[in-house]
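Dear colleague,

My notes on the strand pairing follow it.

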Amino acid sequence: MVKLNGEQRELSGKTVTEILNENGYDPKRVAVELNLEIVPKSQYDSMILKDGDSVEVVSFVGGG
Amino acid sequence: MENNDKLVIGGREFNSRFILGSGKYSLSLIKAAVENAGAELITLAVRRANTKEHENILDHIPEGVTLLPNTSGARNAEEAVRIARLARELGCGDFVKIEIMRDTKYLLPDNAETIKATEILANEGFIVMPYMYPDLNTARDLVNAGAASVMPLASPIGSNKGLATRDFIQILIDEIDLPIIVDAGIGRPSQACEAMEMGAAAVMSNTALATAGDLPMMADAFRKAVEAGRQAYLSGLGRVLVRGASPSDTLTGFIRD
């Protein structure tokens, strides 16, 4: 299981690119953090998630 | 306004002295708000990406406007640093407004944690604009930590109560050699104008616009107020008499019997 934005999901073995595409995230508009470390965009295709990983996908929203 | 009166933050020059918040109103109003306010800096927040909402705020912000991500949601320095790094990874420059709160009732900033986060992020090359409770000692520590500006609150976030901390902001303006940008609580153009008359380098506002009846019109009013206040400050305000009066007219040549 992989935690994606706080939710436990069956995503082990997938790349970051696959997770973004399959879940409807726009890769150009998000930043990705894996176990508290930022994943550079250049590694989205090669970074494979494993059991116990925690992924955060964030973007900009309105704020003051 | 004269073109040579620039606001300089972290080596970057701005003509506008009004920083616009983008929270709590429709994305479709952002362009009009930016344009009417004349804003060149706009704040944003970082949140978990929403897969249902396909519109992105970045598509609504006009070209040439500098993005100022905040670290809202951070409860300590560590969380603020994490959010700032994610914001930079979103690819929109090195500016960051540090916002650290551990109190959800009054949303007051944690000055001690803010100093810590400022030091870490300034060392990582961020242009750090810390939101803080107006305290001179904290402001001095922020200068030493590498802040690019200091952003004291006027009154609690979202309250529209105006310059409750006026005298303490004045101390920062008088003593701190960085742009003092009044942030939070500015609810009316007149309050923004007063902050600028006091010598603030800029004013930031979000809720005053978001809760206005006509947001674009209020943005225009804020632009005028900030410009008027700046001009008044630069021109040098007239003195105040402690007692008595002083005639505006000459005291000779009266028509009398």
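How many bridges join strand 6 of chain B to strand 7 (residues 127-132) of chain B? There are 4 bridges, and the two strands run parallel. Within this pairing, B:Ile98 stands opposite B:Pro130 in strand 7 of chain B.

The model is predicted: local features need pLDDT of at least 70, side-chain atom pairs count only at pLDDT 80 or more, and totals for chains, interfaces and linings use all residues. Residues are numbered from 1 along each chain as its sequence is written, while chains are lettered from A and ligands numbered from 1 in the order in which they are written.

Strands here are DSSP runs (E, at least two residues), numbered from the N terminus, and two of them pair if DSSP finds at least two bridges between them.

Strands 6-7-8 of chain B, in that order, form an open sheet of 3 strands with parallel pairing. Its edge strands, each pairing on one side only, are strand 6 (95-98) and strand 8 (151-152) of chain B.

Strand 4 (residues 41-48) of chain B has 6 of its 8 residues buried, so it is largely enclosed by the rest of the structure; buried means that 20 or more other C-beta atoms, placed from the backbone, lie within 10 Å of the residue's own. Strand 4 of chain B pairs in the parallel sense with strand 3 (residues 18-20) of chain B over 2 bridges, with B:Leu41 as the bridge partner of B:Ile19. Strand 4 of chain B is also parallel to strand 5 (residues 66-69) of chain B, over 4 bridges; there B:Ile42 partners B:Leu67. From the other chain, strand 5 (residues 54-62) of chain A runs antiparallel to strand 4 of chain B, joined by 5 bridges, and A:Phe60 stands opposite B:Val46.

Yours sincerely

Notes
Buried ≥ 20, exposed ≤ 12 C-beta atoms within 10 Å, placed from the backbone.
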